Amino acid sequence: MGVGYSSCSLSLSLSYSHISCFASTTTTTTLLSSHKSTPNSSLNPPTSKFHYQKPTYTTMTAQSSSSPMFLPIQSGRVEEIKTQYHNSTKPVSDLHSLDLELIQRLVYDSLVWSSLHGLVVGDKNVQRSGTVPGVGMVHAPFALLPMSFPESQWRQACELAPIFNELVDRVSLDANFLQESLSRTKKADAFTSRLLDIHSKMLESGKKEEIRLGLHRSDYMLDEQTKLLLQIELNTISSSFPGLSCLVSELHRSILNQYKEHLGLDSRRIPGNTAVSQFAEALTKAWKEYNNPRAVVMVVVQPEERNMYDQHWLCSVLKERHDVTTIRKTLAEIEAQGVLLPDGTLLIGNQVIAVIYFRAGYAPIDYPSESEWRARELMEQSSAVKCPSISYHLTGTKKVQQELAKPNVLERFLENKEDIAKLRKCFAGLWSLDDSNTVKDAIERPEFYVMKPQREGGGNNIYGDDVRKTLLRLQVEGSEEDAAYILMQRIFPTIVPTFLMRDGICHKDHAISELGIYSAYLRNKENVIMNEQCGYLMRTKVSSSNEGGVAAGFAVLDSVYLT
Ligand SMILES: Nc1ncnc2c1ncn2[C@@H]1O[C@H](COP(=O)(O)OP(=O)(O)OP(=O)(O)O)[C@@H](O)[C@H]1O
Ligand SMILES: [Mg+2]
């Protein structure tokens, strides 16, 4: 049986009820945060715009399926598809011909695989799922099949990783650059201001970070029109999903192997995802540099964390492969239990902390009182290796991203002209709100811009008509608030039909993807110990309109199928 798409929406032309398709209700959902997660955020959106088990399917007009982004699938019309696939560099989307029984088997087997292999998150419907491991687990949202991605742009993204690592390190050492770049933002944004205060204090006290560890993730989208790989942003704090993203790659490989005959896809085209093992390796190396065998790695966590299994995967590799012990502490606990010895040693209880790995502390919500800020400062003052240090954290702000994109700024930090050219090639348009021409254009054509505050964790950006309204309001008010934002060129990736799995239900929808490349950087004084690309995160989300500034639809974990 076939599955059809209309150009704007879709539903199944089937009389089968386990695969659900969209219904155009007005409810919106929060995007899956690929980066961080707050207790209220996004692994399980509060509402879904999809119907489940409603056998009211109508056949929609099939649209041409020659998207360059979607996988060729061999099923009903095997020969035809196979031929197209081998003769063309552009794979053919063929969800239309996927047999429903086959989809049903793929769905079932992938759900079993996820459950057996720990591709899980806390279920928002279960109260203790964010605090007690093993209580209320549900499979992480994932794409049923991997997303195709051109190999050349994949390589490009991988090659950029060590260059960005070096750039972050160098920018982090330029205290004046950080303070100056963020000086106007400081007046407009209380959170950034607090981070800058800690940074200033460390400067005044002459504190130097000799051992520097970065576990970053640089996110990209492939612009459909120009075919350019453009950077969305570089995350220097709490880059999440190194654990679960590896599992999704394994899941997809397993499914492709198991259904080789039916799908005709080669599992070897899914790049091995080494994020979790390399992040564990980097943490271990940092721990070794600290050079105290009894010391532990401390993971800074939110009080409730439904994405805890992603973190536990990393901690489990640390323990089992490297015999490094981790402890998990909230900022409030660190403030209550932390002691700083005169030599800078950080003790939590009676445990010496060698490395502090932040999976919290990136958003204002993480600092509900002064206690949490005291904890942050205590950690910064300590001799423990911070991942990230306050300087690395500030280097990852959106304002700094925009400053780095200005002419001749990269040259301040890097000598190699080829490296500079490679970075610049992936920069999208980025502007400060001082730029009156751009602001004018964004008011006239807001759909081509994204307005971003200095926030992490998703759901904070402004899109569409809200860009215009916000810019006009800021103009009228004439306050300093404009310095809290940057403007960015909106990137439009190719929209492709996809099967998205959430809560055990398979949804079919139009989607776009974002590729995140993890990287690790470790140095001790002049010695660069590690500077590597470390696997990837593919995230696929419903391509629904973002107008109105509300993030719509949902995202799932995905993997890359190289074409
Ligand atoms: N220029 C852009 N064009 C199109 N979409 C964008 C753009 N910038 C951001 N987005 C979308 O908004 C999402 C969030 O943006 P961004 O990564 O800048 O914010 P964040 O709060 O730091 O998110 P994260 O928690 O993923 O780090 C992206 O994952 C992407 O889907
Ligand atoms: Mg971010």
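# A walk through a predicted model

Thr 185 is buried, with 25 other C-beta atoms within 10 Å, where buried means that 20 or more other C-beta atoms, placed from the backbone, lie within 10 Å of a residue's own, while exposed means 12 or fewer and partly exposed lies in between. This is a predicted model, in which local features need pLDDT of at least 70 and side-chain atom pairs count only at pLDDT 80 or more, whereas totals for chains, interfaces and linings use all residues. Residues are numbered from 1 along each chain as its sequence is written, and chains are lettered from A and ligands numbered from 1 in the order in which they are written.

Thr 185 has its place in helix 5 (residues 183-188); helices (H or I, at least four residues) and strands (E, at least two) are DSSP runs, numbered from the N terminus. Leaving aside neighbours within four places in sequence, Thr 185 is in contact with Thr 192, Lys 399, Gln 454, Ala 483 and Ala 484, contact meaning that the C-beta atoms of two residues, placed from the backbone, lie within 7 Å. Although Thr 185 and Ala 484 are 299 residues apart along the chain, their C-alpha atoms are separated by 5.1 Å.

From here we can turn to a sheet. Strands of a sheet pair through backbone hydrogen bonds, either parallel or antiparallel. The sheet here is open, with 4 strands in the order 14-17-15-16 and antiparallel pairing, and two strands count as paired if DSSP finds at least two bridges between them. Its edge strands, each pairing on one side only, are strand 14 (430-432) and strand 16 (462-463). Strand 17 (residues 485-489) is mostly covered, since 4 of its 5 residues are buried. Strand 17 pairs with strand 14 over 3 bridges, Ser 432 standing opposite Ile 486, and with strand 15 over 5 bridges, where Tyr 449 stands opposite Gln 489. Strand 15 (residues 449-453) is in turn joined to strand 16 by 2 bridges, and Val 450 has Tyr 463 of strand 16 as its bridge partner.

Next come two pairs of helices. Helix 7 (residues 242-258) and helix 9 (residues 275-290) pack at an angle of about 150°, with their axes 7 Å apart; axes are lines fitted to C-alpha atoms, for helices over the stretch in contact, and angles run from 0 to 180 degrees between N-to-C directions. Helix 7 is therefore roughly antiparallel to helix 9, given that angles under 35 degrees count as roughly parallel, over 145 as roughly antiparallel, 65 to 115 as roughly perpendicular and the rest as oblique. In this packing, Pro 242, Gly 243, Ser 245 and Cys 246 of helix 7 meet Ala 275, Val 276 and Phe 279 of helix 9.

The axes of helix 3 (residues 151-173) and helix 15 (residues 417-425) come within 10 Å and cross at roughly 105°, so these two helices are roughly perpendicular to each other. Their contact is made by Glu 159, Leu 160, Ile 163 and Leu 167 of helix 3 together with Asp 419, Lys 422 and Leu 423 of helix 15.
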